[in-house]
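Subject: Structure handover

Hi,

Here is the structure for you to take over. My notes follow below it.

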Amino acid sequence: MEKALEIQKVSQVFRTGFWMRPVAALTEVDFSVPVGSVFGFLGANGAGKTTLIHLITGLRKPTSGRVLVFGRDAASLEARSQVGYLPERPYFQEHLTGEGLLRYYGALSALEWGKASERGERISEVLAAVGLERARKTELRRYSKGMLQRIGIAQALLHRPPLLILDEPMSGLDPLGRKEMRDLIGQLAASGRTIFMTSHVIADVEAICDRVALIQGGRLMESGPLSQFTTRGDVQTTLEALFQREGQGGR
Ligand SMILES: Nc1ncnc2c1ncn2[C@@H]1O[C@H](COP(=O)(O)OP(=O)(O)O)[C@@H](O)[C@H]1O
Ligand SMILES: [Mg+2]
């Protein structure tokens, strides 16, 4: 099975505060994500999900271990060009329109997207993919939270990456927004992209993912096809147990 992502014995230690006390955010995490899967990385707040995403997107290098994206080191340009990324708390300039934002991000990544007409087409393509064609000329300050999440995904799709990394794409959305985001992720997966998303909500992952990994306190507890967990009655019980122990506080 071809792998979109390989996490090989990855550890991440942060040193914080005056005494530079070490905090192990990830400890020898090891799993892989097959091409074409919708992979849910589940864990309570503070479990280490965003830290791993920073390693996958090349924003940080692991203290030890390796992260490979389509077989290349995650920090390399070749790897980064294959990845679309929706951060956990994206911030967009509110005076821009949806279209203005996409033009800006296209320019930032020095996207070689040819003539103005082609740029317009590419922007139309990603707006259609996330269902925001009609909000193209609307300023972002008038977007709902759900629309902002979707324009964030449109931004991630601009360079047509085969792998999408979504950090808590459902968080802060109301029930309708969650449903729309679930449907959108389903559509993106159906169009052939590999998706790696984090969540602390079991139901969202069960609804759309075909594979899951569970992380607790920076250690991988389980990983594999969702079907494997459900038949063992695992997802619900394992996670509820984990979440009760860790609580929902923190980040
Ligand atoms: N830059 C940092 N410096 C120090 N500690 C950090 C840093 N980033 C994250 N941590 C710690 O690493 C752990 C995992 O955090 P994070 O990856 O954000 O969790 P999650 O995304 O699962 O909520 C937490 O204990 C957090 O406080
Ligand atoms: Mg996080």
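Among contacts in the chain between residues at least 6 apart in sequence, what percentage join residues at least 24 apart? The figure is 67%, where a contact means two C-beta atoms, placed from the backbone, within 7 Å.

This is a predicted model: local features need pLDDT of at least 70, side-chain atom pairs count only at pLDDT 80 or more, and totals for chains, interfaces and linings use all residues. Residues are numbered from 1 along each chain as its sequence is written, while chains are lettered from A and ligands numbered from 1 in the order in which they are written.

Overview

The chain holds nine helices and ten strands. These are DSSP runs numbered from the N terminus: helices are H or I with at least four residues, strands are E with at least two. The chain has 251 residues, and 37% of them count as buried. Buried means 20 or more other C-beta atoms within 10 Å of the residue's own; exposed means 12 or fewer, and partly exposed lies in between, with C-beta atoms placed from the backbone.

Ligand 1

The shell around ligand 1 has 13 residues. A residue is near a molecule if its C-beta atom, placed from the backbone, lies within 6 Å of it. The closest are Phe14, Ala25, Lys49, Thr50 and Thr51. Strand E1 (3–16), strand E2 (21–34) and helix H1 (49–56) each supply at least two shell residues. H1 gives the most, with three. By class, four are nonpolar, seven polar and two charged. Here Ala, Val, Leu, Ile, Met, Phe, Trp, Tyr, Cys and Pro are nonpolar, Asp, Glu, Lys and Arg are charged, and the others, Gly among them, are polar.

H1 is largely enclosed by the rest of the structure, because six of its eight residues are buried. Those six are Lys49, Thr51, Leu52, Ile53, Leu55 and Ile56. Gly58 follows H1 and has a positive phi, near 75 degrees.

Sheets

E1 and E2 pair in the antiparallel sense over ten bridges. Pairing requires at least two DSSP bridges between two strands. Gln12 stands opposite Leu26 in E2. Both strands belong to an open, antiparallel sheet of four, ordered E2-E1-E4-E5. E2 and strand E5 (72–73) are at the edges with a single partner strand each, so one side of each has no neighbour in the sheet.

Strand E3 (residues 38–42) has five of five residues buried, so the rest of the structure largely encloses it. Val38, Gly40 and Leu42 point one way from E3, and Phe39 and Phe41 point the other way. E3 runs parallel to strand E8 (residues 194–199), joined by five bridges. Phe39 has Phe196 as its bridge partner in E8. E3 also pairs with E9, again parallel, over four bridges. There Gly40 has Val212 as its bridge partner.

Gly218

Where is Gly218? The loop between strand E9 (211–216) and strand E10 (219–225) holds Gly218. Gly218 is buried, with 23 other C-beta atoms within 10 Å. Its C-alpha atom is 7.0 Å from that of Ala24, 194 residues away along the chain. Leaving out residues up to four places away in sequence, Gly218 touches Ala24, Ala25, Leu26, Thr27, Ala47 and Gly48.

Regards
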